[in-house]
Amino acid sequence: MTIGFWHCKETPLLSFQKKYTLYFSDVEDSDDEIGDDEEMFKKYDIDGDGFITHDELKKFVLKRHNSVTDSEISRMIKQFDTDGDGRISYEEYQTMMLQR
């Protein structure tokens with residue numbers, strides 16, 4: 001059974017960054033096994049433009065969890081958006097996955 005961070009109790013040891021990295025890396029897909037970061041990135045990148053946007057991430061999260069606020073999605077993107085364009089590129093996603 002997979003538990004995303006939305007259901008984890010807040011603890012001092014589970015930092016903001018670790019929670020979001022947990023969410024990105026801890027998604028179970030019943031249709032097929034996803035072991036490749038590029039394939040997982042493509043699941044988030046709904047329109048296939050090479051970026052994960054606020055709306056794409058929110059849609060993906062809401063498919064798997066009861067609720068998420070716009071503020072939580074914005075904080076998640078800001079945490080990993082190193083170039084400040086408001087989106088997660090594949091390179092930024094790879095960097096984030098290396099931090100898990």
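**Exercise 1.** In this predicted model, find which residues of the largest nonpolar core touch the most other members, and which helix gives the largest share of this core.

*Solution.* Step 1: the largest nonpolar core has 16 residues, and those that touch the most other members are Tyr 44, Ile 52, Leu 57, Ile 73, Ile 88 and Tyr 93. Step 2: at least two residues of this core come from each of α2 (37-44), α3 (54-64), α4 and α5 (90-98). Step 3: α4 provides the largest share, with four residues.

**Exercise 2.** Determine which residues of helix α4 are buried and how they are arranged around its axis.

*Solution.* Step 1: α4 spans residues 70-80, and its buried residues are Ile 73, Met 76, Ile 77 and Phe 80. Step 2: viewed down the axis of α4, these buried residues fall within an arc of 95 degrees, so they line one face of the helix. Step 3: an α-helix has 3.6 residues a turn, so residues three or four places apart point the same way. Step 4: leaving aside residues up to four places away in sequence, Ile 73 touches His 54, Leu 57, Lys 58, Val 61 and Val 68.

**Exercise 3.** Describe how α2 and α3 pack and which residues make the contact.

*Solution.* Step 1: the two helices, α2 and α3, pack at an angle of about 100 degrees, and their axes are 8 Å apart. Step 2: angles of 65 to 115 degrees count as roughly perpendicular, so α2 is roughly perpendicular to α3. Step 3: α2 contributes Met 40, Lys 43 and Tyr 44 to the contact, while α3 contributes Glu 56, Leu 57 and Phe 60. Step 4: the residues of this contact comprise four nonpolar, no polar and two charged.

Definitions and conventions:
Residues are numbered from 1 along each chain as its sequence is written. This is a predicted model: local features need pLDDT of at least 70, side-chain atom pairs count only at pLDDT 80 or more; totals for chains, interfaces and linings use all residues. Side-chain values use heavy atoms; hydrogens and water are left out. Buried means under 20% relative accessible area, exposed over 50%, partly exposed in between (1.4 Å probe, protein chains only). The arc is that of the directions from the helix axis to the C-beta atoms. A nonpolar core is a set of buried Ala, Val, Leu, Ile, Met, Phe, Trp, Tyr and Cys residues joined through side-chain atoms within 4.5 Å. Contact means heavy atoms within 4.5 Å. Axes are lines fitted to C-alpha atoms, for helices over the stretch in contact, and angles run from 0 to 180 degrees between N-to-C directions. Angles under 35 degrees count as roughly parallel, over 145 as roughly antiparallel, 65 to 115 as roughly perpendicular and the rest as oblique. Ala, Val, Leu, Ile, Met, Phe, Trp, Tyr, Cys and Pro count as nonpolar, Asp, Glu, Lys and Arg as charged, and the others, Gly among them, as polar.
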